[in-house]
Amino acid sequence: SGSSDPYCVVKVDNEVVARTATVWKSLNPFWGEEYTLRLPRGFRSLTVYVLDEDTIGQDDVIGKVSLSHQQISAEPRGVDSWLSLAPVNPDEEVQGEIHLELCVPEQGHQQVLHCHLIEARDLAPRDPSGTSDPFARVSCCGHTLETAVIKKTRFPHWDEVLEFELREGELAEAVLSVEVWDWDIVGKNDFLGRVEFPLNTVSRDPTKGWFQLLPFPSTTEDHRGQLGALRLTVRLVEDTVLPPHYYQPLIQLLTEPVLCPDKPHDSIALAILEEVTSGESRQDVATKLVKIFLGQGLAVPLLDYLTTRELARTTDPNTLFRSNSLASKSMEQFMKVVGLPYLHEVLKPVVNRIFEEKKYVELDPGKMELSRGRRISFKGSLSEVQVRDSSLELLKGYLGDIVDAIVGSVEKCPLPMRVAFQQLCRRVEERFPLAQHEEVRYFSISGFLFLRFFAPAVLTPKLFGLREQHADPRTGRTLLLLAK
């Protein structure tokens with residue numbers, strides 16, 4: 001059809017850690033998915049594969065982007081750019097580790113290298129059965145020896161010792177190469193990975209342990225974007241977590257204005273933190289503050305403190321909580337943490353129905369496809385008015401169900417959210433007591449509950465866990481119009 005059905009698979013050291021949704025029939029897919037991965041400190045690389053999903057047969061690999069630990073660490077603010085896709089060479093797609101022991105015992109002038117191949121683990125599957133038939137090939141000083149083949153396993157146990165006689169002077173520059181292969185009865189064997197050791201280090205100290213299998217050095221030419229490019233944002237944050245008592249002074253400092261509201265707060269840590277946070281860091285700061293205060297049972301007082309400060313700075317009620325302030329971001333994060341199960345219970349039935357029905361909805365005359373209406377008129381296609389009326393009828397039906405579900409869910413709304421909004425309503429009344437501002441207290445709540453909670457979830461259900469896949473273009477347009 002001239003298009004693909006692309007999705008991404010994220011691997012860390014060849015272990016799959018995430019998979020995006022499939023974007024159907026697109027050569028310019030947008031995913032907008034974000035993952036927080038907890039990685040071991042010694043991880044080596046992060047690789048994103050772009051694949052084309054096929055309903056019949058195996059999915060096609062389009063290309064990959066690979067970033068080493070060093071590349072990611074070198075950018076404190078993170079990697080954020082378009083990166084060209086590289087072709088995927090099976091000889092470079094290795095995984096697993098090998099357990100071996102190397103030593104050169106002192107035997108007079110005659111030196112013998114003992115290579116003890118113990119076992120391997122987590123090897124790549126190369127056979128249709130999902131396993132391999134692995135054997136190890138060891139090369140040193142022009143000589144090659146092999147272990148036995150262990151059938152149908154990705155965790156072979158050899159426990160074999162291969163010996164190489166070394167001539168005088170060979171230890172200085174010689175290299176021992178250990179390769180793991182998948183034996184095939186027909187055709188050539190498949191490469192599973194390799195590791196190398198300079199003999200001068202082995203002769204000084206015996207070498208024993210688990211070693212990561214590596215690919216052959218890449219000989220792939222630069223395709224300069226012929227396979228496409230992937231926009232990635234990757235940021236590595238290394239946190240050192242101490243025992244809880246180390247954090248008590250910080251928690252006490254942050255919670256002081258909440259626990260002691262009568263003290264002047266301008267020079268208090270929380271007020272200073274609010275002033276110095278920039279737009280790009282405000283989301284992270286709000287997320288961490290909400291988690292800290294939830295842990296102390298003080299999340300609602302925190303929101304009261306932040307919203308009260310913002311109310312004091314606001315002169316025009318029409319602009320209230322419209323900016324991405326620390327108060328707005330904290331309330332938004334609070335609703336996501338506390339209210340996500342509630343959001344699912346309210347929206348999931350209607351969202352699922354919209355995805356299943358796939359109705360054609362359009363209100364913009366410039367975007368209408370008049371031949372795709374639900375019924376054909378005598379003239380062969382529907383008029384703009386008919387498409388608009390049909391779309392309005394569908395949208396009103398969906399929207400009515402959504403509003404009814406929200407209005408009827410008062411008792412299911414989490415108690416902390418209800419208390420936070422009740423408190424917000426009271427503070428807004430105190431700040432804008434005039435009769436002409438009577439509706440501001442409701443707008444302040446709806447600005448959070450609808451604009452920052454329900455509407456974004458209707459617009460992108462995948463990002464709120466309401467659906468496993470992104471919407472197709474037709475359903476996506478319906479969701480966009482509903483969210484508006």
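**Notes on a helix pair and a sheet**

1. Let's start with two helices. In this predicted model, helix α5 (residues 279-295) packs against helix α7 (residues 326-357) at an angle of about 55 degrees, and their axes lie 8 Å apart. Angles of 65 to 115 degrees would count as roughly perpendicular and those under 35 as roughly parallel, so α5 and α7 come out as oblique to each other. Their crossing is right-handed.

2. Which residues of α5 meet α7? They are Arg282, Gln283, Val285, Ala286, Thr287, Leu289, Val290 and Leu294. On the α7 side, look for Leu326, Lys329, Ser330, Glu332, Gln333, Phe334, Val337 and Val338. Sorted by type, the residues of this contact are nine nonpolar, four polar and three charged.

3. Now for the sheet. It is an open one, made of four strands in the order β10-β7-β6-β13, and the pairing is antiparallel. If you're new to sheets: strands pair through backbone hydrogen bonds, in either a parallel or an antiparallel way.

4. What happens at the edges of the sheet? β10 (157-166) and β13 (207-212) stand there, and each has a single partner strand, so one side of each has no neighbour in the sheet. On average, neighbouring strands here are turned by 20 degrees against each other, ignoring direction.

5. Strand β6 (residues 97-103) and strand β7 (residues 111-121) are joined by seven bridges in the antiparallel sense.

Conventions
Residues numbered from 1 in each chain as written. Predicted model: local features only at pLDDT ≥ 70, side-chain atom pairs only at ≥ 80, totals over all residues. Heavy atoms only, no water. Axes fitted to C-alpha atoms, helices over the stretch in contact; angles between N-to-C directions. Parallel < 35°, antiparallel > 145°, perpendicular 65-115°, else oblique. Left-handed = near helix turned anticlockwise from the far one by under 90°. Contact = heavy atoms within 4.5 Å. Nonpolar A, V, L, I, M, F, W, Y, C, P; charged D, E, K, R; others polar. Pairing = 2+ DSSP bridges.
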